[in-house]
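Dear colleague,

Please find below the structure that I am handing over to you. My findings follow directly after it.

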Protein chains: 2
Amino acid sequence: MELTERKRQILKVVVEDYVRTAEPVGSKTIAARMGGSVSSATIRNELADLVELGYLEQPHTSAGRVPSPKGYRLYVNELMEQQRLSVAETERINASLHLKMEELDHLLSQASRAVSSFVNYPAYVTAAGRKHLTARRFDLLAVDERSCIVVMMMGDNRVKSQLLRLQLKVDLEQMPTLVNLLNTHFTGISVDEMNQELMNVAEQVPPQLFLLLSQTIAYAVDALEEASQREIVTAGASQLLKLPEFRDADKAHELMSFLADRKESLPMPEDGPMKILIGPENVTEVLKDTSVVVASYDIGDEMRGLIGVVGPTRMDYATVAARLSGFADGLTRLFGKQELPPKEEGKE
Amino acid sequence: MELTERKRQILKVVVEDYVRTAEPVGSKTIAARMGGSVSSATIRNELADLVELGYLEQPHTSAGRVPSPKGYRLYVNELMEQQRLSVAETERINASLHLKMEELDHLLSQASRAVSSFVNYPAYVTAAGRKHLTARRFDLLAVDERSCIVVMMMGDNRVKSQLLRLQLKVDLEQMPTLVNLLNTHFTGISVDEMNQELMNVAEQVPPQLFLLLSQTIAYAVDALEEASQREIVTAGASQLLKLPEFRDADKAHELMSFLADRKESLPMPEDGPMKILIGPENVTEVLKDTSVVVASYDIGDEMRGLIGVVGPTRMDYATVAARLSGFADGLTRLFGKQELPPKEEGKE
DNA sequence: TTTAGCACTCTCTTTCCCGGAGTGCTAAAG
DNA sequence: CTTTAGCACTCCGGGAAAGAGAGTGCTAAA
């Protein structure tokens, strides 16, 4: 049996109607929506074929039809019309992205809230470096004889700093030596190598300096690890409760606590600007009857981020995809504008 | 009519049974739970009195009794037995609080997750300074001729820093002058005063330095505002869905989106180590039929934080209160240990 | 003041029934 | 061979009715 053009049209109508109403779609409705050029009986024959082909499902005999995951997939791949964002929408997206760059964490959580409230589904956002973050430059600022400030600039030009309490008094004269040591031996290498290097230089350094050195390295390692760890922020989980498919508290609870506590296993595609995962295409069990739409954006040249949306398989893929890529573009632009300065090995 | 000791005992039984089962409590059950010293008929008489006195309510004739807010209040104030945390629980709490001090934000979100999963209700956490944060010390580190790093130590000894891109080349020789200016004129004053002061010094400074100066101050103002702004982190909202009173998706949705989006209006009592707000005692409309338990903890001497729990009025107040104050103590201790160094006007 | 007894009330669950929507099949028409 | 009208049939959802159960309030006696 073949998938004629008419069958495809029917499938399209079914998907779009079902997405709108969440009710199985009947032959009569379809006939009406096709402009009355064919009768409902004809549609019924076609529907039976579509079920047999696996594109539609029937909740029970004598109910209308509902798209199967396979049906959605065909719809997304071939039938769905690329939707264009209206100017107003684009503006709204950009307006919601006038964020301060200060803290990446805050930015992620703001962005995910914005996305979620714009698509009316739960959303998630991450940012991750393309390669491992290293320290690029160190400084130490003496505060008093018992404390000093470590300043570390990282590979992505973010700067981290903290007050360090010293176990021993340190001769102020020696500070420049130490800074120099830090900048020559501990920049541009991984955290493992930093720990390694710390052992290597142990003997070359007077003991009371070594204490400060290792405190500094410990801080650096922490900060680098934290900064390069992929943090995932979710928002808008409560939106699920508005959907008929999640009126059931148990179902809703399962998904919501997944989004809150086990979000690491949300889809994180490595490639492509956008990915749509429909129902069972998801590997994670909880997501087996939801769909996920993920888009990626660029943070300068070094980093890449993902924004995703989780919803029922009955999702308005066209709109969600359009809005999501609007956001991705917006974010890429935002980060591009505030571009980090060009990289050159800046070892003091 | 008087509130005899026996009535109080009955009230206590009703509260505790209702908290456990979420079902209206009948006279027979109560009689049994009182050790069989009185008959259910006697209890019935007493119950009728308790309803008249306003401590209990009857969902409908011929149903058991349910505590009214007034009843819970009496229970909390006078009937409830102070509950003691078991050693295991205390250990569990402290274990969950082995947090790194790195970022206050992370810490808050970790703490609120821990609290929530420990009491099985949604939780919220904040930290807020007792007074306005000021800058205590500035440094500028030249990176290249077009960029430098601002380092600012704040009143609470946290250090913030960022790379600054300069619009103009700046003479390296002049940097120390600028740093000196920053440290003499811009430390220890509010952000408003900082902006003010910026105007004042405008004429005394060569123009190309002034540009850098104002960029620095702009960063400082941002960072100080962000750091002193009260951030509220919520966690565990999905726990609500396990409770029978929130099986109704609309109700759950209302409260959950409140917790996600309008959490600023959660109770933030100014005083006392712990506060319990029962049902209509809450000013916020959404919380009118929920209860909130809030405890405060200290972050060193300068700051104070709150941890709170939101749940149904049918809440195990004794346990929640005990665990919450366990957490509060744990946090106070945690921050006390990692105490910030003593303050002395450190204007370099 | 307490208690036993009992009729009564109200909710919750189950069952049954009915209307409506939609189907699948058949047979005729294009 | 495809399309269409017609029609019996299926299944869901909602509402009514009935019954069970829990608990009450009242009365009268202890």
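In this predicted model, α3(B) gives the most to the surface near DNA strand C, with four residues; helices (H or I, at least four residues) and strands (E, at least two) are DSSP runs, numbered from the N terminus, and a residue is near a strand if one of its heavy atoms lies within 4 Å of it. The surface near DNA strand C comprises 20 residues, with Ser27(A), Ser39(B), Thr42(B), His60(B) and Ser62(B) the closest. By class there are four nonpolar (Ala, Val, Leu, Ile, Met, Phe, Trp, Tyr, Cys and Pro), twelve polar and four charged (Asp, Glu, Lys and Arg) residues, the polar class taking the others, Gly among them.

Sugar or phosphate accounts for 76% of the atoms of DNA strand C within 4 Å of the protein.

Between the protein chains, 40 residues of chain A are in contact (heavy atoms within 4.5 Å) with 41 residues of chain B. Two salt bridges (a side-chain nitrogen of Lys or Arg within 4 Å of a carboxyl oxygen of Asp or Glu) cross this interface. Arg247(B) forms a salt bridge with Asp250(A), with the closest N and O atoms 3.6 Å apart.

Residues are numbered from 1 along each chain as its sequence is written, while chains are lettered from A and ligands numbered from 1 in the order in which they are written. Local features need pLDDT of at least 70, side-chain atom pairs count only at pLDDT 80 or more, and totals for chains, interfaces and linings use all residues, while side-chain values use heavy atoms, with hydrogens and water left out.

With kind regards
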